[in-house]
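Here is a short tour of one protein chain. Take a look at the structure before reading on.

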Amino acid sequence: MRKCAKAIWFIWMLLIPVSIVHAEDASVLLGFYDKVPDPAADIRKLEQMQKKVEAMTRDVSSRTMLNSAHSLELAFVSERLAQVDTTIQELSDRLLALEGTMKAQAGADVDTIMKLDAEYRQTASLLLRKKEERQSIEDQAGLGEQDMNLARDKRELEQLKVDMERQRERVKELSEFAELGDVTGFTTPIGVPVRITSPFGERLDPITQDETTFHAGIDLEATEGTPVLSAFNGRIARTGNDDELGLYVWIEHGNGIRTLYGHLSSISVTQGQEVRQYEQIASSGNTGSRTTGGHLHFTLTINGTSVDPAVFVHAAG
Ligand SMILES: [Zn+2]
């Protein structure tokens, strides 16, 4: 279906400057978009992408919060360490000073020496506790590692969101053309690949054989009485009998697409009737003046302009 959507879009683009799309353009295009369309698979893929984006969004935002908390913690820890280091330095200085005092007072009385000794022990013990506290702060700071992969995962998430939007567009396009039926697998309005006996475009007039006329469709090989099938899902826009085209049927398929079937021997549908793809609408014949034998004339118009049905038809060699 994707192929069809792209083909139609491409044709619309081409229709702006010129009114005719040749088979070569279409075949290049169809060759380029050679994937087998499967809308259900595309919808499943989109759902999986949505789930992944949701899960990653949750993961990345919780990790972003953890990272912020960790940054705050780091700032707090370094402030605490600076305070403890100042205290350690003060206590070390005081111990050194006490040692000096104790040496100078070696000959002093027992009470003085005991008092100095007690102060020294108390200061040494305090210094030890401060050093232990410092170690404990350092140990705690090592617990929460900064998440270095976060930036990379955030970029990956952004890319995933872009891909998801692209897939959403693709699914939207597919659903817009889904009502046509199987477009890329379409063969011919005969239901099987048959030979194109006269191509689309300028040709030597098959009746007069002496002037060039424009053939706004293709002629498909069909013996009289061959069932003629609707190319795609649609509604019968008109049936009638034209001097040149003979008995004919126009089908409206939506999306600006209409198809015409001519030189029919009989018509089995009525105006306004809904038809499904490959539903019989008529039998082929040889009616009208512009025919040189039993065949089916098939025209495809997009937004009112005839385009080469070879865009869709898979004819026999
Ligand atoms: Zn024709």
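Two strands pair if DSSP finds at least two bridges between them. By that rule, strand β1 (residues 196-198) and β4 pair, as 2 bridges join them in the antiparallel sense.

## The model and its confidence

This is a predicted model. The average pLDDT of the protein chain is 83. A score of at least 70 is reached by 84% of the residues.

Over residues 6-36, pLDDT stays under 50. The model has 36 contacts beyond four places in sequence for this stretch.

## The chain as a whole

The protein chain holds 5 helices and 12 strands. It has 317 residues, and 22% of them count as buried.

Take the contacts between residues at least 6 apart in sequence: 71% of them join residues at least 24 apart.

## Helix α4

Helix α4 covers residues 110-141, which makes 32 residues. From its first C-alpha to its last, helix α4 reaches 47 Å. That is close to the 46 Å expected at 1.5 Å a residue.

How many of the 32 residues of α4 are buried? The count is 1, and α4 is hardly covered.

## Strand β4 and its partners

Strand β4 takes part in two pairings described here. One is with β1, in the antiparallel sense. In that pairing, I196 stands opposite L220 in β4.

The other is with β11. β4 and β11 are antiparallel and share 4 bridges. Here E221 stands opposite H295 in β11.

## Strand β10 and its partners

Strand β10 also has two pairings to follow. Strand β5 (residues 227-229) pairs with β10 over 3 bridges, in the antiparallel sense. V228 has A282 in β10 as its bridge partner.

β8 and β10 run antiparallel too, joined by 3 bridges. In this case S266 stands opposite S283 in β10.

## The nonpolar core

The largest nonpolar core has 35 residues. Which of them touch the most other members? They are L220 and Y261. Several elements give two or more residues to this core: β4 (218-221), β5, β7 (246-254), β8, β10 and β11 (295-302).

Leaving out residues up to four places away in sequence, L220 touches T188, I190, V194, I196, T197, H295, L296 and F298.

H263 and Y278 each have a positive phi without being glycine. For H263, phi is near 65°. H263 lies in strand β8 (residues 257-267). For Y278, phi is near 70°. Y278 lies in the loop between β9 (274-275) and β10 (280-284).

Are these residues buried or partly exposed? H263 counts as buried because it has 28 C-beta neighbours inside 10 Å, and the cut-off is 20 or more. Y278 has 18 other C-beta atoms within 10 Å, so Y278 is partly exposed.

## F232, a buried loop residue

F232 sits in the loop between β5 and β6 (234-242). Why does F232 count as buried? Because F232 has 25 C-beta neighbours inside 10 Å.

Beyond its neighbours within four places in sequence, F232 is in contact with L180, G181, V183, H253 and Q277. F232 and I257 are 25 residues apart in sequence. In space they are 9.6 Å apart, C-alpha to C-alpha.

## T301 in strand β11

T301 belongs to strand β11. T301 counts as partly exposed because it has 17 C-beta neighbours inside 10 Å.

Setting aside neighbours within four places in sequence, T301 is in contact with R258 and S306. T301 and G217 are 84 residues apart in sequence. Their C-alpha atoms are 9.0 Å apart in space.

Technical notes
Residues are numbered from 1 along each chain as its sequence is written. This is a predicted model: local features need pLDDT of at least 70, side-chain atom pairs count only at pLDDT 80 or more; totals for chains, interfaces and linings use all residues. A residue is buried if 20 or more other C-beta atoms lie within 10 Å of its own, exposed if 12 or fewer, and partly exposed in between; C-beta atoms are placed from the backbone. Two residues are in contact if their C-beta atoms, placed from the backbone, lie within 7 Å. The expected span of a helix is 1.5 Å times one less than its number of residues. A nonpolar core is a set of buried Ala, Val, Leu, Ile, Met, Phe, Trp, Tyr and Cys residues joined through C-beta atoms within 7 Å. pLDDT is the predictor's confidence in each residue, from 0 to 100.
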